[in-house]
Amino acid sequence: MISKKNRIAGEFALSEQAVVFHGDCLDLLEDIPDKSLQLIVTSPPYNIGKEYEKRTHLDVYLRQQAEVIAECARVLSPKGSICWQVGNYVDNGAIIPLDTVLYPIFAGLGLRMRNRIIWHFEHGLHCARRFSGRYETIIWFTKSDDYIFNLDAVRVPQKYPGKKYFKGPKTGQYSCNPLGKNPGDLWVIPNVKSNHVEKTGHPCQFPVELIERLVLSMTEPGDWVLDPFLGTGTSIIAAVRHERRGAGAEIQSKYVALSRQRIEQEMAGTLQTRPMTRPVYDPIEAGNSLTIAPWTKSDSKAQMVLLEKAERKQRYSVK
Ligand SMILES: C[S@@+](CC[C@H](N)C(=O)[O-])C[C@H]1O[C@@H](n2cnc3c(N)ncnc32)[C@H](O)[C@@H]1O
């Protein structure tokens, strides 16, 4: 366990609780001892021309990523995990899923892939010449086969908690795990867009709840969590919230200031975030009047979701 100091250091030291390094992540990594961190989680620049990145040729981008990933593998503890959250590289409308081209770098370092988590969200750019992108992936690697994975800490409610065995020696007993079910590898978590309570001026923040799930399942209290591309400090926030230690590097001063401010708020207990356990808002369930298109009658069956819900009440039939 760690004694809370509520201090944010600028340089890495194992005795700290939170470290926000202003500069290139390779310079921060240089100061971190071998095999000392339990979880490395990040969303690197995607090389798609966001305001904080210079677009480079994909080969150059991958070489830069390889250098950072090799350093991350060096500082990772033998029971540790690396989670790299990525989307697509877009080249003149054609997409290259970055996880597919990054995979050989991780595998080449001897890291072992445990999951390719699909993070599905509802908001983003509307594409006209392909289907709009509504997921990104988190590729999870471990350094060895003996790794920390605390499933019970992140179980989610069962769909049918009241279900019982109907035959066999356990007849009548509840068939599910009372602690909840494994969340699976498809995570539906709102992304941080306009109305999200965590929204800052940064164009692509992690929702805190996404990182909380990784921190709780892949680390123990007191462990170190590193985000080499820190942005708004989300990974450190999730770490300190659960009595872990967090470090990160950020190259842009405005985001260093923002991440420090958010981590301070977290330490003071004033940072507003979306709770991990809150179900995703369903405007139809919530009775939002905007779900009825004004150009249709309110009882119109034109909207497929409403149609499905209405039909559930009837029996399906063969015509
Ligand atoms: C995709 S964003 C990460 C956002 C972050 N996940 C969050 O929750 O706010 C990538 C960040 O990496 C920063 N960055 C880019 N190159 C960097 C480097 N070499 N070292 C450290 N930070 C860098 C960018 O300024 C940007 O804020």
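Two strands count as paired here if DSSP finds at least two bridges between them, and helices (H or I, at least four residues) and strands (E, at least two) are DSSP runs, numbered from the N terminus. With that in hand, take E3 and strand E4 (residues 76–86): they pair in the parallel sense over 5 bridges, and Leu39 has Ser81 as its bridge partner in E4.

Before going further, a word on what you're looking at. This is a predicted model, so local features need pLDDT of at least 70, side-chain atom pairs count only at pLDDT 80 or more, and totals for chains, interfaces and linings use all residues. Residues are numbered from 1 along each chain as its sequence is written.

Now zoom out. The chain's secondary structure comes to 7 helices and 11 strands. Of the 319 residues, 30% are buried, where buried means that 20 or more other C-beta atoms lie within 10 Å of the residue's own, exposed means 12 or fewer, and partly exposed is in between, with C-beta atoms placed from the backbone. Among contacts with a separation of 6 or more, 65% come from residues 24 or more positions apart.

What order do the strands of the open sheet follow? Reading across its 9 strands, you get E1-E2-E11-E10-E3-E4-E8-E7-E9, with mixed pairing. Strand E1 (8–9) and strand E9 (186–188) are the edges, each pairing on one side only.

Let's walk along that order from E3.

E4 and E8 pair in the antiparallel sense over 6 bridges, with Ile139 as the partner of Trp84 in E8. E8 is then joined by 8 bridges to strand E7 (residues 112–120), again antiparallel, and Arg116 stands opposite Ile139 in E8. E8 itself is mostly covered, with 7 of its 8 residues buried.

On to the helices. E10, helix H5 (residues 234–241) and E11 form a right-handed β-α-β unit; a crossover is right-handed if, with the strands pointing away from the viewer, the path from the first strand over the helix to the second runs clockwise. H5 lies across strand E2 (18–22), E3, E10 and E11, and runs at about 170° to E11. Angles like this run from 0 to 180 degrees between N-to-C directions, and axes are lines fitted to C-alpha atoms, for helices over the stretch in contact. Helix H6 (residues 253–268) also packs on the sheet, touching E1, E2 and E11, and its direction makes about 170° with that of E2.

There's a helix–helix contact to look at too. Helix H2 (residues 58–75) and helix H3 (residues 98–108) pack at an angle of about 35°, with their axes 10 Å apart. H2 contributes Leu62, Gln65, Ala66 and Ile69, while H3 brings Val101, Leu102, Ile105 and Phe106.

Finally, the loops. Most residues other than glycine have a negative phi. Asn92 is not a glycine, yet has a positive phi of about 55°; this residue sits in the loop between strand E5 (88–91) and strand E6 (94–97). Asn92 counts as exposed because it has 4 C-beta neighbours inside 10 Å. Glu243, in the loop between H5 and E11, also has a positive phi, about 60°. With 16 other C-beta atoms within 10 Å, Glu243 is partly exposed. Lys159 lies in the loop between strand E8 (135–142) and E9, and is exposed because 8 other C-beta atoms lie within 10 Å. Lys159 and Gly180 are 21 residues apart in sequence, and 9.1 Å apart in space, C-alpha to C-alpha.

Note on methods. Two residues are in contact if their C-beta atoms, placed from the backbone, lie within 7 Å.
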